[in-house]
Amino acid sequence: MSQHRRRPRNNQISVEAVAGNGLLDRRALLGRGALFAGAVSTGFGPVISGAAAEPFLDDPWSLEFGDPMPLYQVPSAFEKKVARTLSNPNHEPRNSHARTPHHLVDGTMTPNGLHFTINHGGVPNIDPDKHRLVIHGLVKRPLMFTLDTLARYPMVSRVTFLECGGNSAPMFSPEPLQETVQALHGLVSCAEWTGVRLSTLLEDTGVDPRAKWLIAEGADSPHLSRSVPMKKAMDDAMIALYQNGERIMPGNGYPMRLLLPGYEGNMNVKFLRRIKLVEEAAMSMYESRTYSQLLPNGKAYRFYFLQEVKSYITNPSHGATLKAPGLYEISGIAYSGTGRIEKVLVSADGGQSWAPAALQEPVLSKAFTRFRMPWRWDGSPAILQSRAWDEAGNVQPTREQFVAARGELKAKPPVLGFPNQHYNSITSWGIDSKGEIKHVYA
Amino acid sequence: MSMPRPAVSVIALAVVMATGSAFAETPNLGKPIDEADITAWDISILPDGTGLPKGSGTSAQGMAIFAEKCASCHGENAKGGPAAALVDDRPLAGISAANKTIKNFWPYATTVFDFIRRAMPFQSPRSLTDDEVYALTAYILAQNKLIGESETMNEETLPKVKMPNRDNFIIRFPDRI
């Protein structure tokens, strides 16, 4: 008890402001009790109302035999709003996107039902017993693998984010679109993927040294194909079979997909059925047109591949309202296709002052890292921002830096469009004195 | 005939070096196949024309096929409909992908053939003959004035079509290739 009593004094420093507009020391998160003790002492704690509360009677669900257990459980019926948003709900003959609701989930792993997907020809209904994977071209022995044979191979698991190269594309708008973090950044998710290293299978086929690229192709109706450097294939590429412990979701590439940690989603070819080793890139439509990004000088990037360091605050964010001044936790996600997140700074005053957020363990390479930051909102206008650094020293650019290098659109784009790609600058949430949150540029 | 043996040992060495280990043991359960077994699947085409099939087609032939199988989505004369315009004279301006067209952006004509053959028509991909794909490719290229009206597209002529924007690209991260 004496130790308990001592803690508030020891932690008094932890509720000190570390940056403008009420950002508090991240160490306060380590002793949450102390944080709130400190908060009460400074007059910002929850107000205990003396009004009569509802009497504590048993609710109906406490008085009856509950529901039966389903074979495969799904979230509570009260969680229906925690869902992906669909770009093509009527299944018109074009591509379809489903975006992850980052503002309605927490932690770092995206549940399979909420993992983002983009499909260019619907979701194929693949019989796993008939699916085959062929590796051929510049190999010593062309080989065919089935799901059964792959199951006998040594497996590895790794947690990695997958991000569409066009995620955050609405941020190329010259003025901020009033959209949720799901609409702006919902084309990225993070999961644990399990499968066979591609380099293991290439040991079986042998590799002709002339091979500099592979062409990966899916069994979907567009026969989607992308060229991948052999350098990546031999590094950390995987033939993924499981997603968060269960077979890959149909929309995410069932029964197998190429997984290229840190590389743009479209290259992680789903429904993978063929890998051909070649000397030159194929210049498929997706690489030579769609995923080549126009630059302000009229030229275009080719083979961008890498999803660069990025972060944004998911809570609080657009669509939420702060009900009253007081203590809040700012939280968000950070990730980099280069490696681990090194640090995330948070600002509550539009970038005038910054302080480091707590990074929640584990901090994994090429995976979502959850950051958290205590904040005392005093009820006046604030602008919340986050900025991430990765272990290679890459830093998330400011909007000014990003626009100087990559340009911006002349007019507001449709929120579902992909006017350009590989946007990784800072997202800013402006909070007014009523607690309403707008997307702002700062 | 002494060539194959050294080639094999070079391959073995490359594998060892690339994977950083001697031949690690694997279950070795892949079923050997011949390239001939997967001809129907092997629709990869490289920009130098490698992989292009036999066959040919002209713009005039393509026009008829287009009207029948493509215009309902891509519009009359390929000027756009529910799906993108394929014939478009707009210049490349600004950073919006909406301004990319086959004529002003696509670096290789082989990509036109490749995408039609693997993915079109949207509702019945792989239903066109290679001659039809050559004809549609010729039609789109000719309507865009990238080739002459009477030129025949085949495995020899298609890779030689020079697309205007070919040299306007910057490799983003050369070290990763």
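I took two strands as paired if DSSP finds at least two bridges between them. With that rule in hand, I looked up strand β16 (residues 300–302) of chain A, which pairs with β4(B) in the parallel sense over three bridges. Within this pairing, Arg302(A) stands opposite Ile171(B) of β4(B). I note at the outset that the model is a predicted one.

**Entry: the contact between the chains**

I next looked up how the two chains meet. Chain B brings 55 residues to the contact and chain A brings 58. On the chain B side, I found that α1 (4–19), β1, α4 (110–119) and β4 (169–171) each supply at least two residues. The largest share of that side comes from α1(B), with seven residues. By class, I recorded the side of chain B that touches chain A as 35 nonpolar, eleven polar and nine charged residues.

I then followed an open sheet of six strands, whose order is β11(A)-β10(A)-β15(A)-β6(A)-β7(A)-β1(B) and whose pairing is mixed. I asked myself which strands stand at the edges. They are β11 (225–229) of chain A and β1 (31–32) of chain B; each has a single partner strand, so one side of each is left without a neighbour in the sheet. As background, I recall that the strands of a sheet pair through backbone hydrogen bonds, either parallel or antiparallel.

**Entry: chain A as a whole**

I recorded eight helices and 25 strands in chain A. Of its 442 residues, 50% count as buried. The C-alpha trace of chain A spans about 75 × 65 × 45 Å along its principal axes. I compared its radius of gyration with the globule rule: a compact globule of 442 residues would have a value near 22 Å, and the 24 Å of chain A agrees with this. Among contacts in chain A with a separation of 6 or more, 72% join residues 24 or more positions apart.

**Entry: the domains of chain A**

The domain assignment gives chain A a domain 1 (132–290) and a domain 2 (310–440). I found their centres, taken over C-alpha atoms, separated by 28 Å. Domain 1 gives 26 residues to their contact and domain 2 gives 31. On the domain 1 side, β8 (156–163) and α4 (181–185) of chain A each supply at least two residues. Of these elements, α4(A) gives the most, with four residues. I recorded this side of domain 1 as 15 nonpolar, nine polar and two charged residues.

**Entry: chain B and its helix α2**

I counted five helices and four strands in chain B, running α-β-β-α-α-α-α-β-β from the N terminus on. Buried residues make up 33% of its 177 residues.

I then examined helix α2 (residues 59–69) of chain B and asked which of its residues are buried. They are Ser59(B), Gly62(B), Met63(B) and Phe66(B). Seen down the axis of α2(B), these fall within an arc of 110°, so they line one face of the helix. The buried residues of α2(B) pack against β2 (56–58), α3 (71–74) and α5 (130–143) of chain B. On the face turned away from the buried side of α2(B), I found the exposed residues Ala64(B) and Glu68(B).

Definitions and conventions. Residues numbered from 1 in each chain as written. Chains lettered and ligands numbered in written order. Predicted model: local features only at pLDDT ≥ 70, side-chain atom pairs only at ≥ 80, totals over all residues. Domains from an automatic or database assignment. Contact = placed C-beta atoms within 7 Å. Nonpolar A, V, L, I, M, F, W, Y, C, P; charged D, E, K, R; others polar. Buried ≥ 20, exposed ≤ 12 C-beta atoms within 10 Å, placed from the backbone. Arc of directions from axis to C-beta. Rg over C-alpha atoms; globule rule 2.2 N^0.38 Å.
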